[in-house]
Structures are given as structure tokens and as C-alpha cells.
Amino acid sequence: MAHERLTLASLSTHLVEAQRLTVLMKPQDESQRTAQREIVAALHRALDARRQRIIISQSEVGPVKWAAILLMGLCALIAIAIVHSDNRLTCAIAVGLFATGFALSSLLIAAYSRPFTGEISVKPELLQDVVPSEAATSHTTPE
């Protein structure tokens with residue numbers, strides 16, 4: 001997702017195959033039917049979560065939004081300067097405080113506009129924790 005290679009058109013073959021196999025199973029009793037429904041629902045939630053992650057990874061703050069944010073900040077700075085124009089010290093303090101807050105807000109928007117890239121990013125550790133590792137799945141039996 002960080003490399004923007006995934007699209008909504010690309011399917012997760014493992015999840016789709018698991019869902020297909022689960023649906024094809026013939027449950028013998030009510031407990032198996034309940035388990036089958038729960039497995040299908042869990043796989044559906046996993047596919048939906050994957051779709052949501054792909055959508056988020058492709059979203060960004062567009063140039064129109066940036067222009068609107070910058071224009072709003074400029075208008076607010078001008079309004080603050082006009083309100084405090086009678087006293088230079090309070091004007092400088094008020095404009096400086098607002099400019100600092102605005103700069104930090106813009107920095108946060110820029111940092112989180114691409115959630116899967118950069119230093120401040122969502123890492124896949126939680127997803128990797130739920131994927132069984134090869135060492136855990138391959139059991140060696142003593143002879």
C-alpha cells in the first residue's frame with residue numbers, strides 16, 4: 001500500500017480462495033453451520049478492511065484543499081492583525097501564536113495525508129502479527 005501498487009480491482013487471492021472453500025464446505029450439523037457462517041463473516045470483514053486500507057492509501061489532500069487551508073490561514077492572520085493593529089506588541093504576539101498553530105496544523109495535515117508512507121506512517125506490524133509465521137506452522141517431529 002505504501003508503494004501504491006494495490007488497487008480495488010486487484011483481489012486478495014488468499015482471502016477469496018478461503019471464502020470460496022468455506023462456502024463450498026457441506027456442514028453436517030448446526031454447530032458446523034454456525035462455524036461456517038462465522039468464518040464467512042470474518043473473511044468478509046477481512047476483505048472489507050483490505051478495501052478500506054486501499055482506499056485510505058490512495059487518498060490525499062488535493063491542491064484545492066491546500067489552497068483553501070492556506071487562504072483561510074491568511075485571512076485569519078489578516079483579521080488578527082487588524083484587530084490588534086492599535087498595539088504592535090499584542091499584534092505581534094497574537095499573529096505569532098496563530099501562525100505557529102497554523103504551521104503545526106499544516107504540518108500534521110501534510111504528514112498524515114499519505115498514511116502508509118514516510119516517517120509518521122501506519123506500519124503493518126498488527127497485520128503481520130495475525131499472519132502465521134513459517135516457523136510456527138512447520139512443526140518438526142522428533143524421530
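Residues are numbered from 1 along each chain as its sequence is written. In this predicted model local features need pLDDT of at least 70, side-chain atom pairs count only at pLDDT 80 or more, totals for chains, interfaces and linings use all residues, and side-chain values use heavy atoms, with hydrogens and water left out.

Reader: Which pattern does the chain follow, read along the sequence?
Author: Helices (H or I, at least four residues) and strands (E, at least two) are DSSP runs, numbered from the N terminus. The chain has six helices and zero strands. Read along the sequence, the pattern is α-α-α-α-α-α.

Reader: How are α1 and α2 oriented, roughly parallel or roughly antiparallel?
Author: Axes are lines fitted to C-alpha atoms, for helices over the stretch in contact, and angles run from 0 to 180 degrees between N-to-C directions. The axes of helix α1 (residues 13–24) and helix α2 (residues 30–58) come within 10 Å and cross at roughly 160°. Angles under 35 degrees count as roughly parallel, over 145 as roughly antiparallel, 65 to 115 as roughly perpendicular and the rest as oblique. That makes α1, relative to α2, roughly antiparallel.

Reader: By class, how many residues in the contact of α3 with α4 are nonpolar?
Author: Helix α3 (residues 63–83) and helix α4 (residues 88–112) pack at about 170°, with axes 9 Å apart. Their contact (heavy atoms within 4.5 Å) includes W66 and L77 of α3 and F98 and F102 of α4. Ala, Val, Leu, Ile, Met, Phe, Trp, Tyr, Cys and Pro count as nonpolar, Asp, Glu, Lys and Arg as charged, and the others, Gly among them, as polar. By class there are two polar residues, no charged ones, and the nonpolar count is 16.

Reader: Is the pair of F98 and F102 stacked or edge-to-face?
Author: A search of the whole structure finds one aromatic pair. Rings of Phe, Tyr and Trp (its six-membered ring) pair if their centres lie within 6.5 Å; planes under 30 degrees apart count as stacked, over 60 as edge-to-face and the rest as tilted. The rings of F98 and F102 have centres 6.3 Å apart and planes at 15°, so the pair is stacked.

Reader: Is F102 buried or exposed?
Author: Buried means under 20% relative accessible area, exposed over 50%, partly exposed in between (1.4 Å probe, protein chains only). F98 and F102 both lie in helix α4, four residues apart, and F98 counts as partly exposed at 26% relative accessibility. With a relative accessible area of 15%, F102 is buried.
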